[in-house]
Amino acid sequence: MLNYTPKEITERTALRINPCKTCQPVGAMYAALGVHKCLPHSHGSQGCCAFHRMYLTRHFKEPAVATSSSFTEGSSVFGGGSNLKTAIKNIFDLYNPDMIAVHTTCLSETIGDDLNALIQDNPVAEGKYVVHCNTPSYKGSHVTGFTNMVSGFVNYLSVKTGTPNGKVCLMPGFVNPGDMREYKRLMKAMKVEFTMLPDTSGVLDTPMTGKYNMFPEGGTKIDDIKGLGDCIKTVALGIQTSEPSAETLKKKCGVEFKALPLPMGVEATDEFIMTLGDISKEEVPFEIEEQRGQLVDIMLDIHPYTYGKKVAIYGDPDTVLGIAAFALELGMIPKYMLTGTPGVAFERSAKELLAKYAVEDCTYKADADLFLLHQWIKNEGVDLLIGGTYGKHIARAEDIPLVRMGFPIIDRYIHSYMPLVGYKGGIRMAELIGNALMDYQDSHCDEKDVEIVM
Ligand code: SF4
């Protein structure tokens, strides 16, 4: 399929081929699903909403519920105010959520609908809420949309009462429900009281019960979002994704924050655990120390297979940087780091990471696409690809093993249940990377070189 990708790289500004991102509302919808009894609402046409739901459903293999303002030609010309008014009434009457979280689309942004005014003009019953964020898809990416929705919740709901609640506000970054469960386990082990916003565990990883529940048990409670203003600190995981929302909370309620990279690999997880230790003043419990030791032991075991291997990593900015940091810890060379999400922070962090390990001749770029990544690989190959499903054509065309990590993964199962964060996530990453390289060796070496013991 990609046999005709040319080796010669031409500077492009207005064209993306095989994008490495999707549109803002996908992230906003995901964030809204992580709030208990909250229904995401797409203020635009049904087609947008269907696409966003499909995207999330394919990744999580769970139904992603959402409603739409169902724009027609009339609303495209005269604005979607009356559609939103009808939608709010119908949604509360039919589905009875506690909150509707509205995000915009390209169309409603282009019309210029003033969501703030529209929401103020449609008061709802006591105990019910309508919040919104702007998600114009002609800039940013799904990561930006996720950030904007989290900030939207803070802007609408969080209040400072003046009585600290002793909790930490944990902003998880754009990660899977499996990662969120792992955060919660680590927070509990470190004896830190917290509210995590959003929390999609218990929503997009629910067990089969034989009964459909439109609003599962999981998700951040609305009262807890209100209480974020009284938190003692915010720990924002994933600098590009979470820092802006932490800043919003600081601006609104004066809650100081510490922004950290996603806790992927040894050093970044150490930093996360030490930050929690500083807050709780508790010793790191044995169960965490033990898991760290296991990870280091595993890294030593697979080191002969990972050392010096060149890897191309693509996906969301914080995830790519987290995987790259772990790859460096494994002695690998992150030859290419690429994200479709714009923002100078990614390139700055990639540069710093490479400088820390004194690794040279690596290329990194934000706001780029997988066509460019393929061209880079055609000019100088790599031993391994790490990223989402959309890299599989490159893997096939160039005969490179692909490890699926990040978002979206729409051609495999279970991934969203398994953490990549924390020491436990490091063990899983080590297993996936090590096995992919060893499988490749098994299937590509001469028959006389096939090893039984590796
Ligand atoms: S029109 Fe805009 S919001 Fe709708 S699916 Fe396309 S990019 Fe996303």
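The buried residues of helix α15 pack against β9 (310-315), β10 (333-339) and α16 (392-398). The model described here is a predicted one. Helix α15 itself covers residues 370-379, and its buried residues are L370, L372, L373, H374 and I377.

One of these, L370, also turns up as a partner of Y390: apart from residues up to four places away in sequence, Y390 touches N18 and L370. Y390 sits in the loop that runs between β12 (384-387) and α16. Is Y390 buried or exposed? Y390 counts as buried because it has 21 C-beta neighbours inside 10 Å, and the cut-off for that label is 20 or more. Y357 makes a handy reference point here: 33 residues along the chain separate it from Y390, and the C-alpha atoms of the two lie 29 Å apart.

Next come the helix pairs. Two packed helices are described by the angle between their axes and the distance between the axes. Helix α1 (residues 24-33) packs with helix α7 (residues 142-157) at an angle of about 40°, and the two axes are 6 Å apart. That angle makes α1 oblique to α7, since angles under 35 degrees count as roughly parallel and those from 65 to 115 as roughly perpendicular. The crossing of α1 and α7 is right-handed. Which residues of α1 and α7 meet? On the α1 side they are Q24, P25, V26, G27, A28, Y30, A31 and A32, and on the α7 side H142, V143, T144, G145, F146, N148, M149 and V150. Sorted by class, the residues of this contact of α1 with α7 come out as 10 nonpolar, 6 polar and no charged.

Helix α1 has a partner in helix α2 (residues 46-60) as well: the axes of α1 and α2 come within 9 Å and cross at roughly 65°. Here too the crossing is right-handed, with α1 passing α2. From α1, P25, V26, M29 and Y30 take part, and they meet C48, H52, Y55 and L56 of α2. The contact of α1 with α2 holds 7 nonpolar residues, 1 polar residue and no charged ones.

A further pair is formed by helix α8 (residues 177-189) and helix α17 (residues 422-444), whose axes come within 8 Å and cross at roughly 140°. α8 and α17 are therefore oblique to each other, because an angle has to be over 145 degrees to count as roughly antiparallel. D179, E182 and L186 of α8 make the contact with G422, K424 and G425 of α17. What classes do the residues of this contact of α8 with α17 fall into? There are 1 nonpolar, 2 polar and 3 charged residues.

Now for the ligand. The residues around it are C23, P25, G44, C48, F51, T105, C106 and S137. P25 belongs to the contact of α1 with α2, and so does C48. By class, the ligand's shell consists of 5 nonpolar and 3 polar residues, with no charged residues.

Some backbone details stand out too. A cis peptide bond links L197 to P198, with omega of about -10°. P198 is placed in the loop between β6 (194-196) and α9. The peptide bond from F407 to P408 is cis as well, and its omega is near -5°. P408 has its place in the loop between β13 (402-404) and α17.

K37 is not a glycine, yet its phi is positive, at about 55°. K37 is found in the loop that connects α1 and β1 (38-43). K61, again a residue other than glycine, has a positive phi near 55°, and K61 lies in the loop between α2 and β2 (67-68). How are these two placed, then? K37 is partly exposed, with 16 other C-beta atoms within 10 Å. K61 is partly exposed, with 16 other C-beta atoms within 10 Å.

I232 has 15 other C-beta atoms within 10 Å, so I232 is partly exposed. I232 and N165 are 67 residues apart in sequence, but 7.2 Å apart in space from C-alpha to C-alpha. With neighbours within four places in sequence left aside, I232 is in contact with P164, G166, K167 and V168.

Key:
Residues are numbered from 1 along each chain as its sequence is written. This is a predicted model: local features need pLDDT of at least 70, side-chain atom pairs count only at pLDDT 80 or more; totals for chains, interfaces and linings use all residues. Axes are lines fitted to C-alpha atoms, for helices over the stretch in contact, and angles run from 0 to 180 degrees between N-to-C directions. Helices (H or I, at least four residues) and strands (E, at least two) are DSSP runs, numbered from the N terminus. A crossing is left-handed if the near helix is turned anticlockwise from the far one by less than a right angle, and right-handed if clockwise. Two residues are in contact if their C-beta atoms, placed from the backbone, lie within 7 Å. Ala, Val, Leu, Ile, Met, Phe, Trp, Tyr, Cys and Pro count as nonpolar, Asp, Glu, Lys and Arg as charged, and the others, Gly among them, as polar. A residue is buried if 20 or more other C-beta atoms lie within 10 Å of its own, exposed if 12 or fewer, and partly exposed in between; C-beta atoms are placed from the backbone. A residue is near a molecule or strand if its C-beta atom, placed from the backbone, lies within 6 Å of it.
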